[in-house]
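Please read it alongside the sequence and the model.

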Amino acid sequence: MSRLRTFLFRLRGMFRKRSLEQELADEILSHLQMQTDDLERQGLDPDEARYAALRKFGGVEQVKETYRERRGLPFLEIFLRDLGYGARMLRRSPIISMVAIMSLALGIGANTALFSVVDAVLLKTLSVDAPDRLLVFEWQAGRSFRTTGMSGTSNVNVPADMRGLSLFRYDIFKKMQQRQIDAGVESSLSDLFAFGPIRDLTAKVGDQPEIINGQAVSGNYFAGLKLQPSRGRAITDEDDQPGAAPVVVLSNQYWQERFGANPEVIGQQLLLNKQSFTIIGVTPAAFTGTGQVDYQPSVTIPLAHEPFLQGESSRLGTAGEPGVWWLNLMGRLKPGATYEQARESLNGTFQRAALEAMPQPRKVDQRTPDQLAPKDYPRLLTESGSRGMPDVRKDYAPTIYGLFMVVALVLLIACANLANLLLARAGLRGPEISVRLAVGAGRWRLIRQLLTESLLLSILGGTVGVFFAFWGKNALVALTDKETGLLPSGVELSLNWRVLLFTLAVSILTGFLFGLIPAWRATSLDLTSSLKQSRRATASMSPLSKGLLILQVAVSFILLVGAGLFVKTLSNLQRVNLGFNQDNLLVFRLQPEASGYKNQRLLQFYQQLFARLDQSPGVRSATFARVGLIANENWFNDFLLPGESEETAADHEMMRQMVRENYFATMEIPFLQGRGFTANDDGHSPLVAIVNKTFVDQYFPEQEVLGKHIRFLNGNREVEIVGVVADTKYESQREEIKPLLYTPWQQEGDTIGEMHFLVRTAGEPTALVASVRQLVRDLDNNLPVTQVGTQVARTQATLGKERLYARLLGFFGGLALLLAAIGLFGVLAHSVNQRTKEIGIRMAFGAQVKNVLRLVIWQGMRLVLLGLGVGVLMGYALKRLLESRYFGPRTWQRQLTEQLYGVNLIDPLTLIVIGLLLILVALIACWLPARRAAKVDPLVALRYE
Amino acid sequence: MAKSRHEVLPGTLSLLILKTLDTLGPLHGYGIARRIEQVSGDLLELNQGTIYPALLKLEQLGWIRTKWSVSENNRRAKYYSITRKGQKQLIAEEEDWRRTSAIVTRFLSPSEK
């Protein structure tokens, strides 16, 4: 309390300095006068009296100084004085200061923007009570442990010979939950709850149908999360009963967008897949779901009502049919309980249930035993659930960390620039500093002053950087779409206090980083020599300065080579032969099954639509496929070759595709053997299939393939291979072509559902969008047409990540090069300034202009070439490091190297091109100061000092 | 060394100032200095100036307050007076001082073997 009071008093002392100073003088004066008066009264003559009064008082200036020290806050005052001094230094050379602040701002801005991504994707915790006590359950099992029927994403860290999954089946969850409840107070969890995504629901508000994402949750989901809806009530255990009335909780975003944030919404009905649900609540705005980072459900329903939406394809399972491995499991730890306790308490129940649920062990190859070995038994794993499901987040880490590394390097180059600048300036200020040291200024005091200056620079840079970051963050959002792997869809970036704190920390750190060494060196002058020699003391470049330049060149070289590698990867991928003609192809998706179309009605719907599409003007040919092409989608099956039985079969897989009979003609995929599908290949005729060339090469090498029968493992269907077509890319440009089997759509019965239409047009495909929408609306005005675009655009979208890398690396590499060039220019220009006299002497002795040019250019280029050499060595070391076994297959460092396509980490062409580019830019940066050196007039130069 | 003069013990100057103000009421710096010299019988060697930083400190702590006024012989002077908080502090410090000096005195007096 009294300390605060003293502080405030002293603070006041700082601001009223002038009047307080006057007051002190007055007070002392009046003291001395009174003393003099008294002494005179005692009989001393006036002069003697004044002298005696002064003597009794003691040193007036000393008293004043002590008084002043106590009056203000000396530390703060010195700091402010240094700050003012620093500001004056900056103003004195505005261009250099601008360049310094701007380069720092670019570096810090880029780091801030990227950190906002790190924060939003990798760090942000769920906005629920005590999120750090939430944990996610996962499991691992030997490869021979079989799980049929999975839906969802898993990315679990397990040993190479194990499979890991973060998905659970409903019946198994129920058993685990029962076990947890039975344990009562003994349980280490207060709640065990489940949630599963339901993608692509057709929701209808008013008369506009739309496709939204939802989730189904166990009744204790909200209680377990300790999440209170911002409006209405949460789903409870009573809602999660088969007989209960169907209810739904809306996400805040969906409530805002579709209901205009209408508070009356509670109690209204919402149609989901044509079923009516009562809206009971809205979740808070900050809560976007516990699922994967790229999945924000708009609606949440109780698990018990999931069958309402999904009908026969319910993932919960029925009496006859087992459920699907689909649910994510989370628990809330009681205070003091550990992950391990939670895991061990449920592991037994899980293992028994999983083994019970498991079909026969699968043969990975012929040597696999028929029985599951105990080491392959499924085992529970746990991971932190504080940020929601971790699997997809792990996929984003490589890109984010990779880019973060890049921007950190850019900032490092900016720091090196600044350090060099300050070194040069410290050289100029050498005389001033040595004079101050000589008259007794403390070294620490001087270092503090120089550091204050560099901190001023870095804080200014950081402030401008925040603006750049704001702009950069929006640019990042604009650059990224679903496929770029940088920013998951639906994740919002904000420059919140965590991000700004990071910026402040980075600014201060950089200020120290580039300020400390120059300050240290500037104040460690040898006084006698530096006072005598004055400015010649710093005529040559210091080794530190050279080292910084070499480092800059090396780092920009590495960044540019990285950019070059990705540009090459992108161009390689863009030139990949897809195996079909993607020009003039309009694509869109329909999901009539979500609107209740089934079996015969579904077939008829598609037939009617094709009848109209085929007649439509501008359409050369219309077809569809189950799986969208080059869109990172897939569909696969296990199957049996002729003569194999389920018990003895080895593990083999094929990709699937279901198409209209004119698919191959429309897509211009050449036939190699046999016949194509016809409209007569329907439910009444024998089941047929067409395979790609890789299928033949892998499963029927050097055999007649036509007429061979294969059997699907699930569904137990047998099809006859009637034709062979050329290979095409399927999921992505990058993939190795896999065995692919096509089936005619009319023989697929109830597996026909959503389809991706491909319409070959006569002219520009997008011109037909409106008429296609109208055609669909004519048949059913409740059916949304989604994912509309051209195949070229879809193909390009899958290269989003590569394009993002190429663009950002190119941008930052260019920035790094620019910074390095500025640094080189600055240091050389400074050095030329310092050597004016020397150059003058040389010229006086007959040196030619070209000698001088060569002298200066060589001074810079020597460093550049050294930097290139160091860059190559560092690049090689980096390559060895990234490829070493130090990084496991699932680490982001390893995944980074796997981004490249058709180009080696050390690509000679890229190295040479980038090296030449760098040399060219460096030559320009050296030539400018060299030209100035060549213009030196010997007469003027010799008179210079 | 006929007459030995002592320096003010560190930390006791504030006590002396507070006690002076408490006894005599509002007083200017010169008056405080004179009073200390008089009471100590000119035994204390006091650079009068040193009381000013001490007064500032006491003011910052809120134990005394200041006011410009006119002195008995018509000089403008800054008058200091003790606050209630200062009086409390004075009582506490006096108590402290007595205890300390009692202990020291007991050590120095002939022991009662």
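## Helix packing in chain B

In this predicted model, B:Leu15, B:Leu18, B:Lys19 and B:Asp22 of α1(B) meet B:Gly86, B:Gln87, B:Gln89, B:Leu90, B:Glu93 and B:Trp97 of α4(B), where contact requires that the C-beta atoms, placed from the backbone, lie within 7 Å. Sorted by class, this contact comprises four nonpolar, three polar and three charged residues; Ala, Val, Leu, Ile, Met, Phe, Trp, Tyr, Cys and Pro count as nonpolar, Asp, Glu, Lys and Arg as charged, and the others, Gly among them, as polar. The axes of α1(B), residues 12-24, and α4(B), residues 84-108, come within 10 Å and cross at roughly 125°. The two helices are therefore oblique to each other, a word used for angles that are not under 35 degrees (roughly parallel), over 145 (roughly antiparallel) or 65 to 115 (roughly perpendicular).

Residues are numbered from 1 along each chain as its sequence is written, and chains are lettered from A, with ligands numbered from 1, in the order in which they are written. Local features need pLDDT of at least 70 and side-chain atom pairs count only at pLDDT 80 or more, while totals for chains, interfaces and linings use all residues.

Chain B as a whole has four helices and five strands, which are DSSP runs (H or I, at least four residues, for helices; E, at least two, for strands) numbered from the N terminus. From the N terminus on, these elements follow the order β-α-β-α-β-α-β-β-α. Of its 113 residues, 27% count as buried, that is, with 20 or more other C-beta atoms within 10 Å of their own.

## The interface and a buried residue

Between the chains, 22 residues of chain A are in contact with 19 residues of chain B. Four elements of chain A give two or more residues to the side that touches chain B, as listed here.

| Element of chain A | Residues |
|---|---|
| α1 | residues 2-15 |
| α2 | residues 17-41 |
| α3 | residues 46-57 |
| α4 | residues 60-71 |

The largest share of that side, seven residues, comes from α2(A), and by class the side has six nonpolar, nine polar and seven charged residues.

Elsewhere in chain A, A:Ile280 lies in strand β8, residues 275-282, and counts as buried because 21 C-beta neighbours lie inside 10 Å. Not counting residues up to four places away in sequence, A:Ile280 touches A:Gly232, A:Arg233, A:Val247, A:Val249 and A:Ile266.

Terms used:
Contact = placed C-beta atoms within 7 Å. Axes fitted to C-alpha atoms, helices over the stretch in contact; angles between N-to-C directions. Buried ≥ 20, exposed ≤ 12 C-beta atoms within 10 Å, placed from the backbone.
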